[in-house]
Amino acid sequence: MVFLPERGEFKLVEEENHKNVIVVSDPIGVKFRYPSIALFEEEGVNTEDEIETIITCIDSIFDADNVYPASEHTREALTDFWKSLDLLQKKDVIDNFFHSMPHMHYKKELTCPSCGFKHTIEFNSIAEVFQ
């Protein structure tokens, strides 16, 4: 059975606790930008490479006096910053930005025209569409 979702059937789910600015230790914080599809299409960037994905999403790092745009720093410097955080700080970033970022949701009930079996098709991310 082949189906094509119709326009408007995908819903954007936004978590209440989501934030893109996270204070990792007073007064140091990180502002994140959302990953783009292009991030995963770039050669050498693997969706399983967590550190690469995280540092690519860093927009800026700040303290009480300054904002340090990620674009003005090397990948190595951003990686060193990420590695300098302790486990709880990293968990806070992952939980409050990556795990709670807005995502698409699609759910549809379909009935097989041949046998009458009811199927539920559900996706919570673009990646699930292609699995």
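Biologist: What are α2 and α4 to each other, roughly perpendicular or roughly parallel?

Modeller: In this predicted model, α2 and α4 are roughly perpendicular to each other, a label for angles of 65 to 115 degrees. The axes of α2 (residues 50-57) and α4 (residues 87-98) cross at roughly 65° and come within 13 Å, the axes being lines fitted to C-alpha atoms over the stretch in contact, with angles from 0 to 180 degrees between N-to-C directions.

Biologist: And which residues of α2 meet α4?

Modeller: On the α2 side they are E50, T53, I54 and C57, and these meet I94, F97 and F98 of α4, where contact means heavy atoms within 4.5 Å.

Biologist: Switching to the sheet, what order do the strands have?

Modeller: The sheet is open and has 4 strands in the order β2-β3-β4-β5, with antiparallel pairing; helices (H or I, at least four residues) and strands (E, at least two) are DSSP runs numbered from the N terminus, and strands pair if DSSP finds at least two bridges between them.

Biologist: Which strands stand at the edges?

Modeller: β2 (21-25) and β5 (67-69) do, each with a single partner strand, so one side of each has no neighbour in the sheet. The twist from one strand to the next averages 25°.

Biologist: How many bridges join β3 and β4?

Modeller: Strand β3 (residues 28-32) pairs with strand β4 (residues 58-62) over 4 bridges in the antiparallel sense, and K31 has S60 in β4 as its bridge partner.

Biologist: Which strands does helix α3 touch?

Modeller: Helix α3 (residues 75-84) packs on the sheet and touches β2, β3 and β4, with its direction at about 65° to that of β4. Helix α4 lies across β2 and β3, and runs at about 170° to β2.

Methods:
Residues are numbered from 1 along each chain as its sequence is written. This is a predicted model: local features need pLDDT of at least 70, side-chain atom pairs count only at pLDDT 80 or more; totals for chains, interfaces and linings use all residues. Side-chain values use heavy atoms; hydrogens and water are left out. Angles under 35 degrees count as roughly parallel, over 145 as roughly antiparallel, 65 to 115 as roughly perpendicular and the rest as oblique.
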